[in-house]
Amino acid sequence: MTSRPILVAFASLNQVNAIKRELQRRNVFVEMIRTPQSLAAIGCSFALRCNEERLSLVRAIAEQTHVRIDGVFPEPEEGDSRFYASPSGSDEEA
Amino acid sequence: MIYLDQAATSWPKPRNVAAAVRKTLLQPSGNIGRSSYKVALQMSEVVYECRENLARLFHAHDPLRICFTSNATEALNLALRGFLKPGDHVVCSSMEHNAVWRPLVAMARRGIDFSVAQTNSSGILSIDNVLSEIRPNTRLITVLHASNVNGAVQPIAEIGTAARRRGIAFLVDASQSAGAVPIHVEQMKIDLLAFPGHKALLGPQGTGGLYVREGIDLTPLREGGTGSESQASHVPDFMPDHLESGTLNLPGIAGLNESVRFILDRGVDAIAEHESCLGTQLREGLERVRGVQLYGPPSGSPCAAVVSFNIGDLDPVAVADELDRRFGIACRPGLHCAWLAHQTLGSTPGGSVRFSLGPFTSRRHIQTAIRAVRHAARRRYP
């Protein structure tokens, strides 16, 4: 299984924190970031940055906590840089 | 000073509270939900941790159902004004604080009726008196959990169960009970729980909150920036953003997080037991002072550590002043923003002298307070 980094976007930082804490309880540690405007069609979104293999767990927790995922985006391979290209569309529900 | 005014605001606070407030003010914390640099994201974790700790304290399943307010009054106004619509009817108790009574009176002018379920003369509500006030259009029952005047604790679980069975929402004003009396929102069938951060939760002033059960929809009191869905012309429909427009009191919430953590570590049951023992000691001591009239519930009734009394016809303000000047006792005389409750207890128009205790109150404080009241009473009853 490939393990590329992805961004899972949520509408609110409160929601991101809720999911992050649930992941921590399962010993999964992920990073929170502001969703780049070039990726998110919606304003002021925040995202969890994790490996793709964690996506099913994130989805399960989001469902349990009644939090909607706004989008899942592959992170462009730019080395340490975090510059994002223009939106190529979400892999996920919008 | 002997501080017996915990029902107005608690003091002292646990040590870590001031440290957390100080840290938030002295170090950059950003503004959560707006900025996304490291410290702003770290601060958002503190705020979420506070929601989690509050949810744990109240046995609420979902921390996102807790929104922050600046005090319990704001939380109560949000619950009442956000939930009720013209044509609705509300039942409250005759022990309510002005934070509920005044909004209800104001809302009655725009077609939201309310009825007052009478308590007994000790301030304790019976379920029958609540049920007898219910009408076909009753949409909400609101009850003060523990009285800020005499500590009477209402049968919340019983009222909540009756309300849920009838499809009526149940709002609990936990201004005196949150942190001092065990609260279980699921078991007690509480739909809305309003609480201050600065009283028995031992946090800073300017903090408070409202628990909103899933399925209860409130219209926000404020609309504005939430740091989410900024492209939309309306506030988000999800909690807590729906009710939290504007910048939160981050230093206050950081302090509240520490105080709630302290309470969780110590245990609400242990705090309640400590305060109950001291409250009993105080009531029994005051009962033996000639001329003292107590307004508390009968011994053995559920009661928070709030004790109200008068010495004959002495002005309660003059008594409190004497206790302060001669004994360094800080307490609150008067009506305690609760005219309705004082009417119920028969202590209008002057009100009473109120001692209210906390987790840091000691037996020595109680002994000194009883001695001081005895001294004050001797002037009137030599």
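Predicted model: local features only at pLDDT ≥ 70, side-chain atom pairs only at ≥ 80, totals over all residues.
Biologist: How many residues of chain B are in contact with chain A?

Modeller: The two chains bury about 1,800 Å² between them, with 51% of it on carbon and sulfur atoms. On the chain A side, 21 residues take part in the contact. On the chain B side, the number is 24 residues.

Biologist: How many salt bridges does the rule find across the interface of chain B and chain A?

Modeller: Over all chains, the search of the whole structure finds 24 salt bridges. Across the interface there are also 8 residue pairs in polar contact, both residues being at pLDDT 80 or more. The side of chain B that touches chain A has 6 nonpolar, 8 polar and 10 charged residues. For salt bridges across this interface, the count is 4.

Biologist: Which residue of chain B forms a salt bridge with A:Lys20?

Modeller: A:Lys20 sits in helix H1 (residues 13-25) of chain A, and its partner is in helix H2 (residues 38-58) of chain B. A:Lys20 counts as buried because its relative accessible area is 11%, under the 20% cut-off. The closest N and O atoms are 2.6 Å apart, and the partner is B:Glu45.

Biologist: What is the N to O distance in the salt bridge of A:Arg21 and B:Glu49?

Modeller: Both residues belong to one network of salt bridges that share partners. For the pair A:Arg21 and B:Glu49, the distance is 4.0 Å.

Biologist: How many residues apart in sequence are the parts that B:Arg213 and B:Asp191 tie together?

Modeller: The closest N and O atoms of this salt bridge are 2.4 Å apart. B:Arg213 is partly exposed at 27% relative accessibility, whereas B:Asp191 is buried at 2%. B:Arg213 lies in the loop between strand E8 (208-212) and helix H7 (250-266), and B:Asp191 in the loop between E6 and strand E7 (192-196), so the pair ties together parts of chain B with a sequence separation of 22 residues.

Biologist: In the salt bridge of B:Arg379 with B:Glu322, how far apart are the closest N and O atoms?

Modeller: The pair links helix H11 of chain B, which holds B:Arg379, to helix H9 (residues 316-327), which holds B:Glu322, 57 residues apart. B:Arg379 is exposed, with a relative accessible area of 56%, and B:Glu322 is buried at 7%. Their closest N and O atoms are separated by 3.4 Å.

Biologist: Is B:Pro359 buried or exposed?

Modeller: B:Pro359 lies in the loop between strand E13 (352-356) and helix H11 (363-380) of chain B. Beyond its neighbours within four places in sequence, B:Pro359 is in contact with B:Leu202, B:Arg266, B:Ile271, B:His274 and B:Glu275. Its relative accessible area is 11%, and because the cut-off is under 20%, B:Pro359 counts as buried.

Biologist: In what order do the elements of chain A run from the N terminus?

Modeller: Chain A has 94 residues, and buried residues make up 48% of them. Among contacts in chain A with a separation of 6 or more, 70% are between residues 24 or more positions apart. The secondary structure comes to 2 helices and 4 strands. From the N terminus on, the order is β-α-β-β-α-β.

Conventions. Residues numbered from 1 in each chain as written. Chains lettered and ligands numbered in written order. Heavy atoms only, no water. Contact = heavy atoms within 4.5 Å. Buried area = accessible area lost by both parts, 1.4 Å probe. Salt bridge = Lys/Arg side-chain N within 4 Å of Asp/Glu carboxyl O. Polar contact = N/O pair within 3.5 Å; in protein donor to acceptor, adjacent residues only side chain to side chain. Nonpolar A, V, L, I, M, F, W, Y, C, P; charged D, E, K, R; others polar. Buried < 20%, exposed > 50% of the residue type's maximum accessible area, 1.4 Å probe, protein only.
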